[in-house]
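Please look at the sequence and the structure below before reading on. The briefing then takes up a helix, the nonpolar cores and the pockets in turn.

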Amino acid sequence: MSNSSSITDFLLLAFADTQELQLLHFWLFLGIYLAALLGNGLIITAVAFDRRLHTPMYFFLLNLSLIDLGSISTTVPKAMANSLWDTRAICYRGCAAQLFLFLFLVGAEYYLLTIMAYDRYVAICKPLHYGTLLGSRACGHMAAAAWGTGFLSALLHTANTFSLPLCQGNVLDQFFCEIPQILKLSCSDAYLREVGLLVVGVFVAFGCFVFLVVSYVQIFRAVLRIPSQQGRHKAFSTCLPHLAVVSLFISTAMFAYLKPPSISSPSLDLVVAVLYSVVPPAVNPLIYSMRTQELKDALKKLIQSAVFQQQ
């Protein structure tokens, strides 16, 4: 028996049993991580330096790219280091920091995606009021609210989770620190406090989900009323990237936490965790750059400028 005061580190779930497969996972994660850094870094640079992209939609996209860079950097480098050095350990404080940062960034991303749905709703359903409802000050306040809400929620959950007495060992069945795995190590009914907070969080997330669905129902109704095919295509082209990102984020997260216990296993949980924590930050830039012509042109101009300067 051990308690939380005597735990100095946790053991994370290994990706494989052999060093060769661990190295394979290292190179795979390295490729995904570099792709995420490159893609999100290009979007941030393009939006920051191209004045044509200084609009609310791209301002929120810049924030999304910052969040994606942070979230993938919270989990993947440690997993890569463990695979490379054939270890599973993460120190107690490191686990707490990783949990806090992951919750903070994932929460902020979800709230930001909800705000981005509102941006598309106003742009398509209330275009005459777009400049009034989504001025620079309003956009700044909404982005700050997304970051701030994610920060406060993460602080509350992390403090509550790590205040629990732990007596079921120090082995976590996941490649990074997350609340459900830590709650399994709790040895008292105090974990019900965190379960209660999670239930409240689920209701808030469900409220955002309902807002997303209602927004897109209104958006599609408005788009289908546009008489010209070119106008419909242009409207859809600004919405589909966001809808694809939202669908990827919500579907993988819902499957991770709502799948039946009967089909749960460490290997399946590992794959699903990779899908919702690693894949979206790497894929989001690709989705936006492929479907948004303005961003595609800005990225092309940025790359050509960089190549020309080197020559």
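This is a predicted model: local features need pLDDT of at least 70, side-chain atom pairs count only at pLDDT 80 or more; totals for chains, interfaces and linings use all residues.

**Briefing: helix, cores and pockets**

Residues are numbered from 1 along each chain as its sequence is written, and side-chain values use heavy atoms, with hydrogens and water left out.

**Helix H1**

- Helices here are DSSP runs of H or I with at least four residues, numbered from the N terminus.

**Nonpolar cores**

- A nonpolar core is a set of buried Ala, Val, Leu, Ile, Met, Phe, Trp, Tyr and Cys residues joined through side-chain atoms within 4.5 Å.
- The largest such core has 48 residues, and Phe 60, Leu 64 and Leu 295 have the most contacts inside it.
- H1, H2, H3, H5, H7, H8, H10 and H11 each supply at least two residues of this core, with the largest share, 13 residues, coming from H3.
- A second, separate core has 21 residues, including Leu 13, Tyr 33, Phe 176 and Val 274.

**Pockets**

- A pocket is an open set of points on a 1 Å grid over the protein atoms alone, where a 1.4 Å probe fits and protein lies on both sides within 12 Å along at least five of seven lines; its lining residues have an atom within 4 Å of a point.
- The largest pocket holds about 1500 Å³ of space, and among its 43 lining residues Leu 198, Val 202, Ala 205, Ala 253 and Tyr 257 lie nearest its centre.
- H7 gives the largest share of that lining, 10 residues, and the lining of the largest pocket divides into 30 nonpolar, 9 polar and 4 charged residues.
- The second largest pocket holds about 380 Å³, and of its 16 lining residues, Tyr 58, Ser 237, Thr 238, Thr 292 and Glu 294 lie nearest its centre.
- H8 supplies the largest share of the lining of the second largest pocket, 4 residues.

Key:
Grid points are joined across faces, edges and corners, and a volume is the space filled by probe spheres set on the points. Ala, Val, Leu, Ile, Met, Phe, Trp, Tyr, Cys and Pro count as nonpolar, Asp, Glu, Lys and Arg as charged, and the others, Gly among them, as polar. Buried means under 20% relative accessible area, exposed over 50%, partly exposed in between (1.4 Å probe, protein chains only).
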